[in-house]
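Please look through the sequence and the model shown here, and then read the report that follows, which describes a sheet and the helices beside it.

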Amino acid sequence: MKNSPPGNLAAAEVARIARLFPSYRDFVDDALFHPQWGYYSTGQVRFGEGGHYDTFPLALSPLFGRMVAYNAFRRWRQAGRPARFEICEIGAGNGQLCLDVLVCVSDRARHLRRTRAQEWRRFADALRYRIIERSPALITRQREHLGPVAESVRWTCADLSERAARGAP
């Protein structure tokens, strides 16, 4: 049997409906990212307790950030301690994970015994943290949440559903 339209709809009617209504992908894309009324674009997203939902529960903070920092430190050492090492987070929400990672690295570099602290300082100097974020409103909120730590973070504003991010290594 040929691929026929659902029910008794004629092919012309199916084509007309397809022109009138957005695809599911386009509908969801607009609902989340439309510049004027998209969920993430308005800057009204509520994070944490009492928020809309959690993708990074604050109960894990700062433990998960420490885990990421220690893992990155190990990977940096395994890679031969390169002069530049990047952690890339896609869709950072309010930026809490980024903050937890960078605070952990900074603390390790300042508070460990001399030889271990020197290695963490080298790692801190090599570390670059990049956030790839589609929503300019969320980038603004992340910068505010990170405070002075934001100076050491790089943002790439990109829609990864369309193409690779420009400017990303």
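Two strands count as paired if DSSP finds at least two bridges between them, and helices (H or I, at least four residues) and strands (E, at least two) are DSSP runs that are numbered from the N terminus. In β1, Glu89 stands opposite Ile131 of β2. This is a predicted model, in which local features need pLDDT of at least 70 and side-chain atom pairs count only at pLDDT 80 or more, while totals for chains, interfaces and linings use all residues. Residues are numbered from 1 along each chain as its sequence is written, and side-chain values use heavy atoms, with hydrogens and water left out.

The open sheet has three strands in the order β1-β2-β3, with parallel pairing. Its edge strands, β1 (85–90) and β3 (153–157), each pair on one side only. From one strand to the next, the twist averages 25 degrees, where axes are lines fitted to C-alpha atoms, for helices over the stretch in contact, and angles run from 0 to 180 degrees between N-to-C directions. Between β1 and β2 (residues 127–133), the parallel pairing runs over six bridges.

| Helix | Strands touched | Angle between directions |
|---|---|---|
| α4 (residues 96–111) | β1, β2 and β3 | about 180 degrees with β2 |
| α6 (residues 136–146) | β2 and β3 | about 170 degrees with β3 |

In α6, Ala137, Leu138, Ile139, Gln142 and Leu146 are buried, that is, under 20% relative accessible area (1.4 Å probe, protein chains only). The cover over these buried residues of α6 includes α4, β2 and β3. After α6 comes Gly147, whose phi is positive, near 60 degrees.

Definitions and conventions:
Contact means heavy atoms within 4.5 Å. Buried means under 20% relative accessible area, exposed over 50%, partly exposed in between (1.4 Å probe, protein chains only).
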